[in-house]
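Please have the viewer open while I talk.

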Amino acid sequence: MKQQICILGSTGSIGTQALDVIRQHNDLYEVYCLTANNRVDQLAAQAHEFKPAAVVIANEAHYGRLKELLSDEPDIKVYAGAAALEQIVEAQPVDMVLAAMVGYAGLAPTIRAIKARKKICLANKETLVVAGELITRLAMEYHAPILPVDSEHSAIFQCLVGEDMNEVEKLLLTCSGGPFRNFTAEQLAHVTAADALRHPTWDMGAKITIDSATLMNKGFEVMEAKWLFGIPADKIQVLIHPQSVVHSAVQYADGAVKAQLGVPDMRLPIQYAFSFPQRLHLDGPRLDLFSRPLEFFEPDMRKFKCLALAYEALNKGGNMACILNASNEVVNAAFREDRCSFLAMADIIERTMQRATFIEAPDYEAYVATDAEARRIAAEML
Ligand code: NAD
Ligand code: MG
């Protein structure tokens with residue numbers, strides 16, 4: 001029996017690479033559902049190739065066009081809207097859900113998939129940033145496994161295999177440093193979105209590429225690691241590693257450090273989340289350890305204030321990371337549209353964290369309200 005996969009965000013960077021994995025292993029995996037937000041033509045082309053049972057376009061304005069493009073595929077059900085997207089993950093035949101949407105929008109469908117007891121392959125880190133406590137609690141309650149897709153967390157997960165009984169001393173979370181690693185504060189004041197979108201080692205969606213340039217992405221990943229592996233933030237060390245060869249590492253009680261290395265190719269962590277505990281063949285280049293030296297540096301949190309703000313949100317707890325995420329989504333989009341400077345992003349996030357209502361023990365509704373309030377406050381400051 002082939003595993004039936006529902007891909008949330010199939011037209012994105014992670015989504016298209018996941019489809020490449022499925023293409024290579026079509027004896028093991030089958031696409032049950034494909035979803036996207038706006039890219040209706042690409043979604044229809046994917047549906048023609050993979051013949052899923054259903055497709056969902058989140059933006060309802062594109063429903064007519066999608067229906068028309070798939071008029072020659074009577075067996076493919078076509079839906080539109082956020083509610084349809086949340087429902088489709090619950091479909092009985094679905095074995096696993098790849099959460100590869102970007103941003104806060106991934107939270108609601110991921111919760112629905114957990115409650116439907118599906119295996120979750122999680123790329124959408126914002127889900128754990130916003131509501132890590134709620135998500136991990138629900139995953140336990142509904143016995144829904146969460147497999148990391150983020151490369152660093154997949155690396156840590158791979159280093160933890162077979163070590164259940166052993167004490168972890170710390171996690172070593174690597175970070176390329178982004179395109180502005182060696183820039184001065186003066187230079188950072190003038191960088192543009194086009195500069196930031198040229199990431200040195202990874203080819204990713206626009207939002208996460210900007211988050212990688214500010215190091216907010218690494219702050220998010222510290223939170224993600226805390227929730228996925230139950231390790232407190234003071235035992236998670238961020239290391240700047242410009243070559244992106246060591247994808248992350250775990251240090252154990254005896255001082256041993258286990259790391260996972262490889263070429264930067266997201267298909268490996270995607271495939272490992274699908275196939276765990278098995279390793280499957282993956283085509284592509286292999287790591288050449290002779291090619292260049294490996295370097296490691298401490299991050300500069302004064303220059304990259306977003307990383308410091310993420311630690312602050314982590315230490316504060318409650319809904320503070322939700323406030324951080326919502327304001328970050330606002331300034332990230334504004335920076336990409338030249339409505340906000342690079343350095344103003346951290347300032348607006350910081351001031352939103354000071355102004356938005358703090359809630360010590362939020363439930364789902366509180367997260368929804370916090371997200372809306374923080375977006376409004378941040379948008380007013382643009
Ligand atoms: P992307 O922008 O390339 O793709 C995003 C996908 O989500 C698209 O298919 C889009 O249609 C869909 N989408 C966006 N907004 C939506 C909405 N409101 N409703 C429904 N669908 C929506 O992004 P990406 O780079 O593939 O990243 C996806 C997620 O994976 C992010 O959370 C990111 O942080 C995480 N991630 C990505 C990478 C990477 O290499 N790209 C690595 C690690 C983690
Ligand atoms: Mg990552």
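This is a predicted model: local features need pLDDT of at least 70, side-chain atom pairs count only at pLDDT 80 or more; totals for chains, interfaces and linings use all residues.

Let me begin with Ile146, which is placed in strand S7, where helices (H or I, at least four residues) and strands (E, at least two) are DSSP runs numbered from the N terminus. Residues are numbered from 1 along each chain as its sequence is written, chains are lettered from A and ligands numbered from 1 in the order in which they are written, and side-chain values use heavy atoms, with hydrogens and water left out.

Returning to Ile146, its C-alpha atom is separated by 4.8 Å from that of Ile120, although the two are 26 residues apart along the chain. Leaving aside residues up to four places away in sequence, Ile146 touches Ile114, Ile120, Leu122, Ile135, Ala139 and Leu228, contact meaning heavy atoms within 4.5 Å.

How is the chain divided? There is a domain 1 (3–149) and a domain 2 (153–265 + 288–316), with bounds that come from an automatic or database domain assignment. Their centres, taken over C-alpha atoms, are separated by 27 Å, and the contact between them takes 14 residues from domain 1 and 16 residues from domain 2.

Together the two domains bury about 1,300 Å², 71% of it on carbon and sulfur atoms; buried area here is the accessible area (1.4 Å probe) that two parts lose on being put together, summed over both. Of the area that domain 1 buries against domain 2, Lys125, Val129 and Pro148 supply 44%, more than any other three residues.

Across this interface the rule finds two salt bridges, a salt bridge being a side-chain nitrogen of Lys or Arg within 4 Å of a carboxyl oxygen of Asp or Glu. Glu221 forms a salt bridge with Lys125, and their closest N and O atoms are 2.9 Å apart. On the side of domain 1 that touches domain 2, helix H1 (13–24), helix H6 (126–141) and strand S7 (146–148) each supply at least two residues, and H6 gives the most, with six residues.

Glu221 comes up again at the metal. The magnesium ion (ligand 2) has Asp150 (OD), Glu152 (OE) and Glu221 (OE) as its protein donors, lying 2.1 to 2.2 Å from it; donors are N, O and S atoms within 2.8 Å of the metal (3.2 Å for Na, K and Ca), and water is not among the atoms, so sites may look incomplete. Along the chain these donors follow the spacing D-x1-E-x68-E. Because Glu152 lies in helix H7 (residues 151–160) and Glu221 in helix H11 (residues 216–229), the pair ties together parts that are 69 residues apart in sequence.

Finally, some backbone details. Lys51, in the loop between H2 and S3, has a phi near 45°, a positive value in a residue other than glycine, and its side chain meets that of Glu73 in a salt bridge (3.0 Å, N to O). His143, in the loop between H6 and S7, likewise has a positive phi, near 55°. A cis peptide bond joins Phe276 and Pro277, with omega about 5°, and Pro277 has its place in the loop between helix H12 (267–275) and helix H13 (305–316).
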